[in-house]
Amino acid sequence: TKDYAGGGASTWTWTWTWTSHRRPSPPSTCLSKDMAMHARGHVRGKGTNRSAEEGRGRARDGNGTTRGRRWRVRAAVEGPPPSQDAVVFVAGATGKVGFRTVRELARRGYRVRAGVRDPNKGKRCFAYRDLPKKLQYTGRDETTRARWNQVKLDDVVVVPFDVERPETFDEALGDATVVVSCLGAPESELFDVDAPKRIDGRGTSALVRAAASRGVERFVMVSSLGAGKFGMPASLLNAWGNVLDWKRASEDALRRSGMAYTIVRPGGMERPTDDYGLEARLVLSSADTRFGGLVSNLQVAELLVDVVQHPEPSANKTLEAVGVRGVPRASTADLLSRVEADPTDAPAVGSAARYQSTYAYDPAKEGAAGKLLDWSQHVETFHGRMAMLGVVAALGAQAAGGGLIWEDQFACANVRGFVLVLTTAVGVASVQPWWKDVSREDAGFPPFVPSAETWNGRLAMLGFMASLLLEHHWQLPALSAYWLLWT
């Protein structure tokens, strides 16, 4: 069976057994042509199956004959072979997830149409020429690194595609039967606050409508953890142009399109490298059940191809995907089957009933002001976050440049402006989830679980006040005062 970063295992296993003392025929003669190809890894007949070669070596002695041993060969196949009629269009094919998805689709033998804004750049990327750093292998596994450029992408059809120009959609889609959307506003353009609306919202929704009108059978969309019901730290992300709200709008457009669909909501993908899956197995959950977690770009790409390859267990589902250490390995089909399909009786998009069912928030019970005045939960959490952020920033600035916190740091106009912007961002990100009835108990990211929020906040508030008092009393930087007290 194959051990790959997505955490899945082979779902097909063929076994051949010989007990004859004569030299056996090669396994491929015992299979049909197609099955033999897939037993060798089904990468368009290229390469051989490692398990088969090892089995052959163990079964024969030095003369190439068997000694009455049982010869067992396992074929590493991740799922059903691709249909000869299946054509997969990948939108955003030169992004971090998109490129890895194209590479994995080609490795498994799919016909791929790669939609890119700059076809010349796309052709260079798929020829592994001038490959940007973000598209290179980022892990430490040297075996995978050496094989990264060996997956042949010569047959990938590069087509011009611009999500902000709907007139390019029809030609780009061509004869595609499956669409995989890896679209998303680039993090490199943080000052373009309108990008999430144009790309994650209107552009992606327009692609959904175009695919449905052309009779595309299935649509697989990459969204984001927190697109349905988000808390900290996902609400910080939403402060950038309401990106999560726009992603949810595209999700809703896909659900009502009439196509079979799968929505993948990955956790944070910035920090994990491509070998993250070797230590953290992929875990899938249903919609609005996770509020934090990490997963690698490669894990997400492999999951997208697994979804394409397993249409029945992944149909009409929203998958929240993160990597978790210490969980047992499970096959892809098993992971997909554990997640329930989205409900078909959901209220209409845009209706009050839909909003309440999604966020479990009834405006008649309490308004936003009531939530903000709920001292037992929200106000102390809000103050604690600000205090923790403030004390860490102040002591960090002091360690870097010296000076007293109040007299020197806050006397600087640039520092006051930075504090104001940061306080506003954290404030908005903290208030938004409470309006959607996300409580501290929903948090799964360690710094934001209830016990951590409470104690970190209280200790930070006490530490901040203590720092100011020590500086006022001794006229020394707080770090120097703490060091004197310690020694």
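Two residues are in contact when heavy atoms lie within 4.5 Å. Residues 24 or more positions apart account for 74% of the contacts in the protein chain with a separation of 6 or more.

## Basis of the model

This is a predicted model, in which local features need pLDDT of at least 70 and side-chain atom pairs count only at pLDDT 80 or more, while totals for chains, interfaces and linings use all residues. Residues are numbered from 1 along each chain as its sequence is written, and side-chain values use heavy atoms, with hydrogens and water left out.

## Overall composition

The protein chain comprises 19 helices and 8 strands; these are DSSP runs numbered from the N terminus, with helices (H or I) of at least four residues and strands (E) of at least two. Of its 487 residues, 47% count as buried, that is, under 20% relative accessible area, against over 50% for exposed and in between for partly exposed (1.4 Å probe, protein chains only).

The accessible surface comes to about 24000 Å², and 55% of that belongs to carbon and sulfur atoms. Such areas come from the Shrake-Rupley method with a 1.4 Å probe; for residues, only the protein chains shown count as cover.

Strands β1 and β4 run parallel and are joined by 4 bridges; two strands pair if DSSP finds at least two bridges between them. Phe-89 has Val-179 as its bridge partner in β4. Strand β4 is also joined to β5 (residues 218-222) by 4 bridges, again in parallel, and Ser-181 stands opposite Met-221 in β5. From β4 the chain crosses through helix α7 (residues 195-213) to β5 in a right-handed β-α-β crossover: with the strands pointing away from the viewer, the path from the first strand over the helix to the second runs clockwise.

In a regular strand the side chains alternate between the two faces of the sheet. Strand β4 (residues 178-181) is covered on both faces, with Val-178 and Val-180 buried on one side and Val-179 and Ser-181 buried on the other.

## Aromatic pairs

The structure holds 5 aromatic pairs. Rings of Phe, Tyr and Trp (its six-membered ring) pair if their centres lie within 6.5 Å; planes under 30 degrees apart count as stacked, over 60 as edge-to-face and the rest as tilted. Phe-89 and Phe-161 form an edge-to-face pair, because their ring centres are 5.4 Å apart and their planes stand at 75°. Phe-89 lies in strand β1 (residues 87-91) and Phe-161 in the loop between β3 (157-160) and α6 (169-173), so the pair ties together parts 72 residues apart in sequence. Both residues are buried. Ring pairs link Phe-89, Phe-161 and Phe-169 into a cluster.

Phe-99 and Tyr-128 also pair edge-to-face, at 6.5 Å centre to centre and 90° between the planes. Phe-99 belongs to helix α3 (residues 96-107) and Tyr-128 to the loop between α4 (119-126) and α5 (142-147), 29 residues apart. Phe-99 and Tyr-128 are buried.

The charged end of Arg-103 sits over the ring of Trp-148, 3.9 Å from its centre; the criterion is NZ of Lys or CZ of Arg within 6 Å of the ring centre and within 35 degrees of the ring normal.

Thr-101, in helix α3, counts as buried because its relative accessibility is 1%. Not counting residues up to four places away in sequence, Thr-101 touches Val-90, Val-180, Cys-182, Ala-301, Leu-304 and Val-305. Val-159, in strand β3, is buried at 7% relative accessibility. Beyond its neighbours within four places in sequence, Val-159 has contacts that include Phe-89, Arg-113 and Ala-172.
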